[in-house]
Amino acid sequence: MDDLIINPTRFTPGIYFYFSKHTLEISGESYPENTSEFYTPIFELLRNYLAGITDQVVTVTLYLTYFNSSSSKILINLFDLLEESASESKNITVNWLYKEGDTDAREFGEEFAEDLEFLAFKLVCVEN
Amino acid sequence: MMMSEQKERIMLDKIFSMVEYLKAHEMVFWYNGPVSQVLVVEIGDIIKKSIDEDSDKKVINRIFSILVEQMQNIIKYSVQKKSGKEGGDVFILSSGLIAVGIEGNDFSVISGNVICNEDKDRISQRLDLIIGMDREAQKEYYKTMRRKEPDPQSKGAGLGFIEMARKASKPLEYLFTPVDENHSFFSLKALVSMES
């Protein structure tokens, strides 16, 4: 399956899905006017990828410096998707990156983690 | 929304008194007019740059976050709309007001837009509910709403108000002012403490 690379814009994050290496990254700011228009095709590919993996070690990195409330809902959908795969014993780890001192971003990560059971969810502090 | 009968010429001396009025109320930023996604980005950028460099980054981020929710609400819900065509594409512009000011030890982040009276109850019910909650209840409500399918009457995720409330340091304030028999002006204020 081809890698999916989408460059960031001022209000959409960069998507770096290296399916061949099993490393997926979303980083930047996310506040498009229409979140599903941006994310639906991306999740479609992700779903196909997750269906095809077996015991590979998958690393998902999220480093969002800002996201609006509708992107937050999209993230829940993303984590649900990953959680479902993790519940089928697939080896998936999410790294939630936040800037040192940004307690709001850290709390967002903690709140996502509270809703997850099978998915390994790590909070990673990025030093300034 | 009809263009109201604003046929009177704007006098230049009035412009100065408007500026004086805003200055007296410590308004840092004031915009009233059509809002687009590009403008959301630009206004956000200007606010980030114009607020004192000494301000905590977290405070600026909270203001930015409230502004984005407010402006995207204007885009989605303001009934003051104008549509047109550019090239082959149809565009719709929604109008509203965005302002940032200083109120004691807080920044005030204000928005205003015209709504249909039939939406008043839905808006005030939602806001009253959030305003009455403590932090823990707000968090639980946020998490529940985030998992819920959006309200069929709502064009958004239904998370904007709760997001603003959680970023604000005091309860949100709102007001409906009648515009005509079918419309009201909905204004909303969030206060963000200068100390995070």
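Contact here means heavy atoms within 4.5 Å. By that rule, the contact between the two chains takes 23 residues from chain A and 31 residues from chain B. This is a predicted model, in which local features need pLDDT of at least 70 and side-chain atom pairs count only at pLDDT 80 or more, while totals for chains, interfaces and linings use all residues. Residues are numbered from 1 along each chain as its sequence is written, chains are lettered from A in the order in which they are written, and side-chain values use heavy atoms, with hydrogens and water left out.

**Interface area**
- Chain A and chain B bury about 2400 Å² between them, 42% of it on carbon and sulfur atoms; buried area is the accessible area (1.4 Å probe) that two parts lose on being put together, summed over both.

**Charged pairs across the interface**
- Eleven salt bridges are found between chain A and chain B, a salt bridge being a side-chain nitrogen of Lys or Arg within 4 Å of a carboxyl oxygen of Asp or Glu.
- B:Lys143 and A:Glu114 form a salt bridge through their side chains, at 2.4 Å from N to O.
- On the side of chain A that touches chain B, helix 2 (69-87) and helix 3 (103-114) of chain A each supply at least two residues; helices are DSSP runs of H or I, at least four residues in length, and strands are runs of E, at least two, numbered from the N terminus.

**Residue B:Asn113**
- B:Asn113 belongs to strand 4 (residues 106-116) of chain B.
- The residues that B:Asn113 touches include B:Ile74, B:Tyr77 and B:Phe185, not counting residues up to four places away in sequence.
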